[in-house]
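Good morning, and thank you for coming.

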Amino acid sequence: IPKEVAVKIVREAIAGTLESNDVFVRVSPADKGLNIQVQSIVLGQFGAQIEQAARQTAQMLGVQNAVLSLDDRGAIDCTIRARVETALLRGAEVQV
């Protein structure tokens, strides 16, 4: 997605599962800012990295206003990024 494109979240969307080694991501519209909520079986060890992966993915897509809720079951970084991207794109309206 080109940098001049903004992705606006207009509907609630989900991606992922609650299976082991996966992450369930829910996205919904927000008026102001990016709010990321993380629940994880490894929150103490990897909570900051999980949030960072979600934030970087949203920023890469140009998402500025959204609520992202992640329920992690031990997913690795690339899985987290893929699930977040999928949820964001499912809930998005692309504006050029």
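Predicted model: local features only at pLDDT ≥ 70, side-chain atom pairs only at ≥ 80, totals over all residues.

Two strands are said to pair if DSSP finds at least two bridges between them. With that in mind, please look at β4 and β5, which pair in the parallel sense over 7 bridges. One of these bridges joins L34 to its partner A66 in β5.

Let us now take in the whole sheet. It is an open sheet of 4 strands, in the order β2-β3-β5-β4, and the pairing is mixed. Which strands stand at the edges? They are β2, residues 13–15, and β4, residues 34–40. Each has a single partner strand, so one side of each is left without a neighbour in the sheet. On average, neighbouring strands of this sheet are turned by 15° against each other, direction ignored.

We have seen the parallel pair, β4 with β5. The antiparallel pairs come next. β2 pairs with β3, residues 23–29, in the antiparallel sense, over 3 bridges. Within this pair, I14 has R26 of β3 as its bridge partner, and A13 stands opposite V27 in β3. β3 also pairs with β5 in the antiparallel sense, here over 7 bridges. V27 takes part again, with L68 as its bridge partner in β5.

How well are these strands covered? In β3, 5 of the 7 residues are buried, so the strand is largely enclosed by the rest of the structure. β5 is mostly covered as well, with 5 of its 7 residues buried. Across β4 and β5 lies the helix α1, which runs at about 145° to β4.

Which residues of α2 are buried? They are I80, V84, A87 and L88. These residues cover an arc of only 100° around the axis, which puts them on the same side of α2.

Is D71 buried or exposed? The cut-off for a buried residue is a relative accessible area under 20%. D71 has a relative accessible area of 18%, and therefore counts as buried. Its side chain makes a polar contact with the side chain of R73, at 3.5 Å. Leaving aside residues up to four places away in sequence, D71 touches L18, D22, V23, F24 and Q39.

The next topic is N65, placed in the loop between α1, residues 43–61, and β5, residues 66–72. N65 is partly exposed, with a relative accessible area of 29%. How far is N65 from G33 in sequence and in space? The two are 32 residues apart in sequence, and 4.5 Å apart in space, C-alpha to C-alpha. The side chain of N65 reaches the backbone nitrogen of G33 at 2.6 Å. With residues up to four places away in sequence not counted, N65 touches I9, A30, D31, K32 and G33.

The last topic is N21, which lies in the loop between β2 and β3. Its phi is near 65°, a positive value in a residue other than glycine. As background, most residues other than glycine have a negative phi. N21 has a relative accessibility of 53% and counts as exposed.

Thank you for your attention.

How values were computed:
Residues numbered from 1 in each chain as written. Heavy atoms only, no water. Helix = DSSP H or I, 4+ residues; strand = E, 2+ residues; numbered from the N terminus. Buried < 20%, exposed > 50% of the residue type's maximum accessible area, 1.4 Å probe, protein only. Contact = heavy atoms within 4.5 Å. Polar contact = N/O pair within 3.5 Å; in protein donor to acceptor, adjacent residues only side chain to side chain. Arc of directions from axis to C-beta. Axes fitted to C-alpha atoms, helices over the stretch in contact; angles between N-to-C directions.
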